[in-house]
Number of protein chains: 2
Amino acid sequence: MTQSPDVKAPDFADLDEAVAILRERGMRLSTSRRLVLDALFRAGTPVTAEGVATELGLDLASVYRNLETFERQGLVRHVHFGHGPGLYMLSGHDDREYLFCEQCGAVRALEPAQLEPVREQIRKLSGYEARFAHFAIVGRCPDCQRA
Amino acid sequence: MTQSPDVKAPDFADLDEAVAILRERGMRLSTSRRLVLDALFRAGTPVTAEGVATELGLDLASVYRNLETFERQGLVRHVHFGHGPGLYMLSGHDDREYLFCEQCGAVRALEPAQLEPVREQIRKLSGYEARFAHFAIVGRCPDCQRA
């Protein structure tokens, strides 16, 4: 969970290629580990560890351990929307950044290039290099402002 | 913890005025509740519930309950820096927003007006009205970028 978000994602197109990368690195691939990775490929959208554990009938702590292992290998990353638990996804396939409405829970995904003007203002103001791929921008969506 | 950040902060200058507000609202003010509020006045800087509990020798769960009660009354608010636990402070006395370095943990506090150009870019891009008082902007500080 405290994994650096800057681990470089290896190239992999599908489950077999991801498994091959882990094997090349000498990692043991248990059935549950393979199932967790497969669940991320099938989901196609960020998912919670709880969701994966429930779907697969696996122990939550073991799903977290597997996800953390994949993160250390750069295969998986997670994003936080406000107070919520991390949502996990495959790295490299999706480097989008997020906006989260803390009133209704709406999520908006944006390409990193779209957020460059925002980053530039933050840079000018503070020198910080901001990223919203790991921790979303939190605020209120247009609908909640109108309501 | 899931308290809306938009509860209006009442006016209070010191512990006695804060206590008076709670009493006017018919709230019981136990010794531990008063101690927790006093700790926030003495701290002068955002503090974790764990820090308050350790300092006062109180049960962590009860400190959290007290902090949440104060938040519902608009006396207290909290901010999250990345994965870390919430940091609590008195409302109204400090409406600053935050930048957090996820590499070294550095924190930079800014006045809301200073962040207006950032908010404006986010508004133009997405229509979202962003706030960084409850969830800090996360990125890398200038020192960590140079290192």
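Which side chains meet in a salt bridge at 4.0 Å, N to O? In this predicted model, the side chains in question are those of Glu102(A) and Arg131(B). The rule finds one salt bridge across the interface of chain B and chain A. Polar contacts were also assigned across this interface, where 16 residue pairs, both members at pLDDT 80 or more, meet the rule.

On the side of chain B that touches chain A, two or more residues are given by each of strand 4 (97-101), strand 5 (107-110), helix 5 (116-126), strand 6 (129-130), strand 7 (137-140) and helix 6 (142-146) of chain B. Helix 5 of chain B contributes six residues, the largest share of that side. By residue class, the side of chain B that touches chain A consists of 21 nonpolar, 12 polar and six charged residues.

Chain A and chain B each place 39 residues in the contact. The area buried between the two chains is about 3100 Å², and carbon and sulfur atoms account for 65% of this area. Of the area that chain B buries against chain A, 25% is supplied by His83(B), Leu125(B) and Tyr128(B), more than by any other three residues.

Methods
Residues are numbered from 1 along each chain as its sequence is written. Chains are lettered from A and ligands numbered from 1 in the order in which they are written. This is a predicted model: local features need pLDDT of at least 70, side-chain atom pairs count only at pLDDT 80 or more; totals for chains, interfaces and linings use all residues. Side-chain values use heavy atoms; hydrogens and water are left out. Contact means heavy atoms within 4.5 Å. Buried area is the accessible area (1.4 Å probe) that two parts lose on being put together, summed over both. A polar contact is a pair of N or O atoms within 3.5 Å; within protein, one must be able to donate a hydrogen and the other to accept it, and residues adjacent in sequence count only if both atoms are side-chain atoms. Helices (H or I, at least four residues) and strands (E, at least two) are DSSP runs, numbered from the N terminus. Ala, Val, Leu, Ile, Met, Phe, Trp, Tyr, Cys and Pro count as nonpolar, Asp, Glu, Lys and Arg as charged, and the others, Gly among them, as polar.
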